[in-house]
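Please read them alongside the sequence and the coordinates.

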Amino acid sequence: MTKTRLLAIVAALILVAAACGSSGAPTSWDDNAEDYCPSGGEPCESDVEPNVGQPERNFRDGCREAGKDDLDQQVQANLDDVCKCGFDRIRDSLTFEQFKELDDDLRSNINADLTEEVSQIMRQCILEESGLG
């Protein structure tokens, strides 16, 4: 699988999997904060991150799920870092409303185009955090 195809798949799946849901949906980045285990529920007593908002938890969980099967092993080995990088940079680049709009677009049409900005963010994170760039 080419890196370009890989990046496109990951970016699209991450945002769709990051959907905030319809009931109790957050209205800001930090809504519904709670402790978070970045390794997906595996033992992580020392890795627990306190006060992580629901949008970030959903994004990172979706990112990890999207990348666990189709990605190069080097990316898989660094997937938690790739996902955190992606969320942090998206949060710095988009308003929460823009993020939700993009998520809504992808929920209604899985083939909807990601913005070039979001695609570039995920590309950079995959390359940097996996040592491929």
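This is a predicted model: local features need pLDDT of at least 70, side-chain atom pairs count only at pLDDT 80 or more; totals for chains, interfaces and linings use all residues.

1. Residues are numbered from 1 along each chain as its sequence is written, and side-chain values use heavy atoms, with hydrogens and water left out.

2. Helix 4 covers residues 79–93, and its 15 residues span 21 Å from first to last C-alpha, close to the 21 Å expected at 1.5 Å a residue (the expected span being 1.5 Å times one less than the number of residues). Helices here are DSSP runs of H or I with at least four residues, and strands are runs of E with at least two, numbered from the N terminus. Among the residues of helix 4 that are buried are Leu79, Val82, Phe87 and Ile90, where buried means under 20% relative accessible area, exposed over 50% and partly exposed in between, with a 1.4 Å probe and protein chains only.

3. The largest nonpolar core has 21 residues, of which Trp29, Phe59, Ile90, Phe99 and Met122 touch the most other members. Such a core is a set of buried Ala, Val, Leu, Ile, Met, Phe, Trp, Tyr and Cys residues joined through side-chain atoms within 4.5 Å. Helix 2 (54–70), helix 4, helix 5 (96–108) and helix 6 (116–129) each supply at least two residues of this core, and helix 4 gives the most, with six.

4. The structure holds six aromatic pairs, counted when ring centres of Phe, Tyr or Trp (its six-membered ring) lie within 6.5 Å, with planes under 30 degrees apart called stacked, over 60 edge-to-face and the rest tilted. Trp29 and Phe96 form an edge-to-face pair, 5.2 Å centre to centre with 80 degrees between the planes. Because Trp29 lies in the loop between helix 1 (3–17) and strand 1 (34–36) and Phe96 in helix 5, this pair ties together parts 67 residues apart in sequence.

5. Trp29 is itself buried, at 11% relative accessibility. Its ring centre is 5.1 Å from that of Phe99 and the planes are at 45 degrees, so this pair is tilted; Phe99 is buried at 1% relative accessibility.

6. Arg64, in helix 2, is buried with a relative accessible area of 16%. Its side chain makes polar contacts with the side chains of Tyr36, at 3.4 Å, and Asp80, at 3.2 Å. A polar contact is a pair of N or O atoms within 3.5 Å; within protein, one must be able to donate a hydrogen and the other to accept it, and residues adjacent in sequence count only if both atoms are side-chain atoms.
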